[in-house]
Amino acid sequence: MELIHYILLTLSFSLKIFTLYFAVVAVFALLRRRSYPAAAPQTRFAVVIAARNEETVIGNLIYSLLNQDYPAELLDVYVVPNNCTDFTEAAAAAAGAKILHCLGPVSSKGDALHQAFAQLMPLDYDAFLVFDADNVLEPDYLARMNDAFASGAMVCKSQTRAGNPSASAVAGCYGLYNVCFELIWNRPRAACGLSAKLVGTGFGFRREVLERLGGWNTSTIAEDAEFAAQCAKAGIRVSWVPDAVNYDEEPTSFRVSLRQRYRWCSGVMQVAKQNVGKLWRSGVPRPMLRWDMTMFMLAPFTQAVSGLLLAASVAAGILNGSAAAAIAALCGLGLYCVGGMALGVVLCVLGGYALQGMTKSILFFPVFMASWLPLQIVSLFRDNTQWRQVTHQGQGALRSAKAR
């Protein structure tokens, strides 16, 4: 039994070496962040919002788009209602958006985007932006994205903040998580020339990107990660634009959060299964983009396996009667909780969230972060192909309204 314990522990630490790559890249976050130089408005944007039963929030996003500090003639807002059983289409039209109807069956957000871009590509737009219906934007969002595109960026990812951080401990944890990821992922990659993480909302790309990729063609439930993999395969870098800020309404229920993040974990694994091999057979320039994207796609697998091995090694040590193993496990758990809460305080300050309203989120943050591991383990053995709606109440508009 003792031999099994040491074998499991050795395998677990061997997989942890995988994380050294991310740690090395994260060091580049210490470099000074550079903003894109201000440019005169020149990019003609088409905003695309795939919406399913979002009548309560869609107007907030459209309002924040139509009231941008950017020439109105350089912007069109399109809503793509799909599988709706409410009045999303009527609410979007009343708020001032144009409606794009799907011409065929839609089983996912990727399907809706595929049909939307097929209709928009013949039109004279320079770039496209994609948002979720529950978002709201800072008034200078389009201006800052225009700066990036004018500087030569092809694909851009903006900075996402929680619009309702004080609504619950869970919503606040999403806000802290977003700040953490921007700090250890997007900021260092912007500094060393790698791609930002392209997540489901608040990103844009020039029309040339879709022309090069043959349109929007994704098939997994993680259409954002799949599109990012396609960009890496083509040697196209995703640029981070931190001065363009969008606010996302986060789930307030831990149960809903688990369901949503399980879909994310499973989706990235689907993307990895489909694209890792294709990524390395593409043979395009900029191999570091391919390498970094590969590491991102494989991360859920390695984290799940290392978690299983570590749990098994601790269990083996305890069953073997090793008091040291039990004490080490308890000490490690205690240090993790204290360190996680301390990190939560730092992230709260860096993200501009008021400490007074974030106490519960800071205390709950270690649990929130630890809950990713069982979700990844479940995803390792059970593939999730079903999208389930997250109900929104319009709380995401609150933070942006205060910012104005």
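1. A contact here means heavy atoms within 4.5 Å. By that rule, and leaving out residues up to four places away in sequence, Val155 touches Leu198, Gly204, Phe205, Val209, Phe227, Cys231, Ile236, Arg237, Val238 and Ser239.

2. Some ground rules: this is a predicted model, where local features need pLDDT of at least 70, side-chain atom pairs count only at pLDDT 80 or more, and totals for chains, interfaces and linings use all residues. Numbering runs from 1 along each chain as its sequence is written, and side-chain values use heavy atoms, with hydrogens and water left out.

3. Now the cores, meaning sets of buried (under 20% relative accessible area, 1.4 Å probe, protein chains only) Ala, Val, Leu, Ile, Met, Phe, Trp, Tyr and Cys residues joined through side-chain atoms within 4.5 Å. The largest has 72 residues, and Val155 turns up among those with the most contacts inside it, along with Phe117, Phe128, Phe205, Phe227 and Met297. A second, separate core of 31 residues includes Phe45, Leu65, Leu129 and Phe149.

4. Arg189 sits over the face of Trp185 at 3.5 Å from the ring centre, and Lys197 over the face of Phe181 at 4.4 Å.

Definitions and conventions
A charge sits over a ring if NZ of Lys or CZ of Arg is within 6 Å of the ring centre and within 35 degrees of the ring normal. Buried means under 20% relative accessible area, exposed over 50%, partly exposed in between (1.4 Å probe, protein chains only).
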